[in-house]
Amino acid sequence: MAVTVNLTVNGAQHTVECEERTLLVQLLREHLGLTGTHVGCDTSQCGACVVHVDGESLKSCTMLAAQAEGANITTIEGLANGDELHPMQQAFHENHGLQCGFCTPGMIMSSVDLLKNNPTPSEQEIRHWLEGNICRCTGYHNIVKSIQACADKMKAA
Amino acid sequence: MTTGIGARVLRKEDRRFITGNGNYVDDINVNGQYYAAFVRSPHPHAEIGSVDIAGAKASDGVIEVLTGAEVAADEIGGLPVGWGITQTNGEPMVEPAWPILAQGRVRFVGDAVAVVIAKSIDAARDAAEMVNVSYTPIPAVIATEDAPKDGAPQVWDEAPGNTSFDWEIGDKAAADQAFEGAHHVTKLELVNQRLVPNAMEPRAAIAEFNSVSGDLTLHATAQAPHAIRLLLGAFVLQQPEHKFRVISPDVGGGFGSKIYPYAEYAVLCWAARRMGCAIKWTADRSESFITDAHGRDHVSEAELALDADGKFLGLRVNTVANMGAYLSAFGPLVPTFLYATLFAGQYTTPAIYAHVKAVFTNTTPVDAYRGAGRPEATFLLERIVEKAAKETGIDPADIRRRNFIQPDQFPYATPVALTYDSGEYGATLDKALALADYTGFAARRDQSKTSGKLRGIGFSLPIEATGAAPSAIAGQLGARAGLYESAEVRFNPTGSVTVFSGSHSHGQGHATTFAQVVSDQLGVPIENVEVVQGDTSNSQFGMGTYGSRSLSVGGSAIVRACDKILAKGRKIAAHILEASADDIEFVDGNFQVKGTDKAMNIAEVAFAAYVPHNYPLPTGDPAQDENALEPGLNEQAFFDPLNFNFPNGAYICEVEIDPDTGVVQIVDFSAVDDVGNIINPMIVEGQVHGGIAQGVGQALYEGAVYDKETGQLLSGSMMDYTLPRADNLPMIKTGTTETPCPFNPLGVKGCGEIGTIGATPAVINAIIDALGDYGVTDISMPATPEVVWRAMQEGRA
């Protein structure tokens, strides 16, 4: 059976008709064409699909699209301010915090939420926060550095 | 120059990935596409009776259901093997057919039996559940060590003893003799466990057939698009290459698992051609776990003979390597020429002999996974060397130093077929010892003890062969393809440069590194250089990206093409500047007449080549046309390396173990690598970090666990198979020594796999060192808390 979902994604309002079993990540990718949010697993382990739902990071494969009724969603495509990258995006670029790029949208969305909750995380706090995001390329070294650099920059600003 | 060779240039490709604009196969949709879902065997070994597709075919949205019967009727070939091994007895390896949908029998859990093609992915998956296959299970052999046993179930009738091949390398008599005179012999038995690659992007494909033109297009998650076109086109589909295009867009990691011409790609192409449509398939992670080629899976025993001074006299190795149910494309290469040829390590061991038996089991096929054979060799060697150090009481750094190949011995021919290029193994070790503060270790161990922790330090000195290799020699050894790489460097009329390469980045940053090389060679600003890969319609040919070959082979092809550009540019400039070509020198992007201020920029030369008004065009008079030039500035080159290159390093790992729980924490990791000249240090460090994480993964966390009775992959999801997470790893200290490789024009060595190869034994050696007081001399992988805790209890007993 189809359901109708009204939600705001990256500032734009959408009304989407989808199957009841449709996951939020499927709505974003398949109905709205926002393919920056990725699917890397089927057990909610990898974190490639992390988006912000009403300002909090969330694995969009763990939520039915129907549950997002009325929600305000930000995906990786909505993070930059026009051509101006979000400081976290800039930090990942400047610190080589990505290789293949597949986990990167989820990593960045998760990291933005970390600094919102904890603007000055220690290395261990960063590593602990990232437990739900798997990267197979970087060994996390430069991801941790990216987040540290972003935190430093945002603190100085 | 801040963007040329050696500069820490930020990646040109980053922006699309950090803004969500990457273009991976699953992000692509083709108008009117259907969706495929595969029906897979739940049994490791069974006869297929009937395949009842009636229910599935009648299901909502289903267009077609195809089985092995249609594959056979259409005379579609089996999946090809890219490397043939000649056995010790001179016979070829046993190479059973691997049909793209099973014929009569299934041989591993996940073997594809049928495909459902439907209007939506949900409809395809729902209908796949309705395909009713009647299986008659037959006994299966799962474990590597069980395969060669008498009475073991036979995977293939044509492979008695489940043996694909029996192979050896080295001088057995010389090795035996070395042991006769030995002062000490160290013995080791070990298992190099099976791993699942787990690139973060699952495999995906879209096949499109244009019934009017006869053109077949395959979008696929591929490390080697040209090789996939060649192998699938020629051997499976009989689709000629000029009517077959393979596009591999952004690829979300591969680590070997995306090299191969998988059955799913072939099925999609065949079905799309048969039905005249487009069909999409994306693996879910569970499907990836059972169908992506696995890695490693060796069971070995080894002996090292030493003299009284700790010099290595001889090494003997016996290995059983698990191939899985079928031979994957490069499966037979991995436990042979990528493995046993590395047993000299960094040492002068004069006599080495290795025997390898490759066996079939009812499991997912095994092929190259990051390192491919070389991690298995390095793990065995660096474990037995460290064990020998413990047994003889020689410091682990010192025992290695006593056996190093010295810098003045290069090129150095080992007893196992390779000729090493260059290295300063002692200097590399010294740097690692300094980076790790080796002299301070005893104090740190004492400090850990006061907080109730056991601290250990472990060494690993990896060496590997990358950038394979002269095609002619590889052909003699069994390669069924060439191993060169192609490049095209194209000046556009207004001075920008497009570079086409047959290699294909899947995270390695080629768009940046290759642009640095071209910017450096041609004096063109890096922002004016674009690297194009991953489409058989763009780059002429190529063998793709694997085995850490892209820069040393593909980058060298780019250099050769740049050389041709400069040679032609010199002639054009000579004509315009009215000088002899011999008097033209190329400096910082300008062709100038020696000793004068007459010069023109290479961009101006390119413009002249495309707007040839003042240009040595052919006149038609042979007498005048000796120095004539065609318009345009666009050159191709193929580079076939003279030899492998041999990255090497010195890795030191420190661990702390909680004796109550067996939890291992890596507290320090130092890696010094010699990867020859370095184009972009930032990218090299990133490759090393990521490689080390995968090596640590094997040591501590990862392992494909099969149920020996049912053949089910128990660790078949990311909830069951432990991938390293951010809090499992420390910051990694890296350093380099640079001894240029003399066999390629850039002097580079591969950097993509050395981290993985080096890390695993360093971690395990550190754990064993930490548990020395408990009498532990060996530990199995992955060294989970349970494994470590049990070893401590048993060691104590």
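This report covers the interface between chain B and chain A, and one helix of chain B.

The model is predicted: local features need pLDDT of at least 70, side-chain atom pairs count only at pLDDT 80 or more, and totals for chains, interfaces and linings use all residues. Residues are numbered from 1 along each chain as its sequence is written, chains are lettered from A in the order in which they are written, and side-chain values use heavy atoms, with hydrogens and water left out.

Chain B brings 50 residues to the contact and chain A brings 47 residues, where contact means heavy atoms within 4.5 Å. About 4,300 Å² is buried between the two chains, 55% of it from carbon and sulfur atoms; buried area is the accessible area (1.4 Å probe) that two parts lose on being put together, summed over both. Of the area that chain B buries against chain A, Ile18(B), Met200(B) and Met731(B) supply 18%, more than any other three residues.

The rule finds five salt bridges across the interface, each a side-chain nitrogen of Lys or Arg within 4 Å of a carboxyl oxygen of Asp or Glu. Asp27(B) and Arg29(A) form a salt bridge through their side chains, at 2.7 Å, N to O.

Helices (DSSP runs of H or I, at least four residues, numbered from the N terminus) that each supply at least two residues of the side of chain B touching chain A are tabulated.

| Helix of chain B | Residues |
|---|---|
| H1 | 14-18 |
| H4 | 121-128 |
| H8 | 285-291 |
| H17 | 681-701 |

H17(B) gives the most, with eight residues.

Elsewhere, 16 of the 19 residues of H9(B) are buried, so this helix is largely enclosed by the rest of the structure; buried means under 20% relative accessible area (1.4 Å probe, protein chains only). Gly393(B), with a positive phi near 75°, follows H9(B).

Methods. Expected span 1.5 Å × (residues − 1). Buried < 20%, exposed > 50% of the residue type's maximum accessible area, 1.4 Å probe, protein only.
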